[in-house]
Amino acid sequence: MHRPLHEQLYERMLDRIRSGEWPEGERVPSEHSLIAEFGTSRGPIRQALATLRAEGAVDGGRGAPPRVRRIVPTQSFQTFVSFTDWARSIGRRPGQRVLEAARRPASEAIADDLGVETGTAIVEIVRLRLLDDEPAMLERSAFPLPVGRLLLAADLDAGSIYQAMQEQGLAPVRARHVFDAVPADEIDAAALAVTASTPLLRVRRTGWAADGSLVEVADDRYLPTMATFAVENTSDARSALTREAAGH
């Protein structure tokens, strides 16, 4: 089945923005020139531009000519992939810097998340995640001791946590993500080079291995200028996306 013309035009225009053929800050070619170039009518062109505008790839409207905006990478949650794999899939260079990696007694909150008793030995790892050497996300992860002990022995500055877990047959194959917005605390602000209280996109993640065991809980805090998220659903199937009350 052929995709609608406006979707095809949208993808072609988006490719031009991503490649730099349409540079940031420059005007998008006029409707007349786009109609002539693509050999179509005004309707599909306007629909494609409207989608770009809705996604923040261009701005303008109400008579103002559209201009190209900086593309913010979007991560889809149709499939579960690591930060490293996602970054590479969009042509960006992933990086990481371990800020803390320690074995310690589980706090009440972490124990509840991991399903263990308060005070049980667990491993917590805090990493700054980078896109093309720019701070993008601060990741706070907690692991049951059998998993975390293996990670403490790995070179986490050089590779992916999930790759290290995969080598031991412990990588998550299923995850649950809960999204909200939070103000940057002092640790977030220092790591991400922003002021305290700057709004961040938070993703709280719980991951399970193939055998059903819980292997990770995480609190990932993204700069909105560096990443957005997309969840696709259809009218004929229930979406995995649900709403949760704040604080849960």
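## A walk through the predicted chain

Glu117 is found in the loop between α5 (108-114) and β5 (121-131); helices (H or I, at least four residues) and strands (E, at least two) are DSSP runs, numbered from the N terminus. This is a predicted model, in which local features need pLDDT of at least 70 and side-chain atom pairs count only at pLDDT 80 or more, while totals for chains, interfaces and linings use all residues. Residues are numbered from 1 along each chain as its sequence is written, and side-chain values use heavy atoms, with hydrogens and water left out.

Glu117 counts as exposed because its relative accessibility is 64%. Here, exposed means over 50% relative accessible area, buried under 20%, and partly exposed in between (1.4 Å probe, protein chains only). Leaving aside residues up to four places away in sequence, Glu117 touches Ala106 and Ala111, where a contact means heavy atoms within 4.5 Å. Pro105 is 12 residues from Glu117 along the chain, and their C-alpha atoms are separated by 9.6 Å.

Now for Asp220, which has its place in strand β9 (residues 214-222). Asp220 counts as buried because its relative accessibility is 2%. Not counting residues up to four places away in sequence, Asp220 touches Met137, Leu138, Glu139, Arg140, Leu201, Arg202, Val203 and Arg205.

| Residue | Relative accessibility | Class |
|---|---|---|
| Glu117 | 64% | exposed |
| Asp220 | 2% | buried |

**A pair of helices**

Helix α1 (residues 5-19) packs with helix α2 (residues 31-38) at an angle of about 110°, and their axes are 13 Å apart. That makes α1 roughly perpendicular to α2, a label for angles of 65 to 115 degrees; under 35 counts as roughly parallel, over 145 as roughly antiparallel and the rest as oblique. Which residues meet here? From α1 come Leu9, Arg12, Met13 and Arg16, and from α2 come Leu34, Glu37 and Phe38.

**The chain as a whole**

The chain has 8 helices and 10 strands. Of its 248 residues, 38% are buried. Among contacts between residues at least 6 apart in sequence, 59% join residues at least 24 apart.

How confident is the predictor, and where? On pLDDT, the predictor's confidence in each residue from 0 to 100, the chain averages 84, and 85% of the residues score at least 70. Confidence is highest in helix α8 (residues 186-192), at a mean of 96, and lowest in strand β3 (residues 74-76), at 55.

Methods. Axes are lines fitted to C-alpha atoms, for helices over the stretch in contact, and angles run from 0 to 180 degrees between N-to-C directions.
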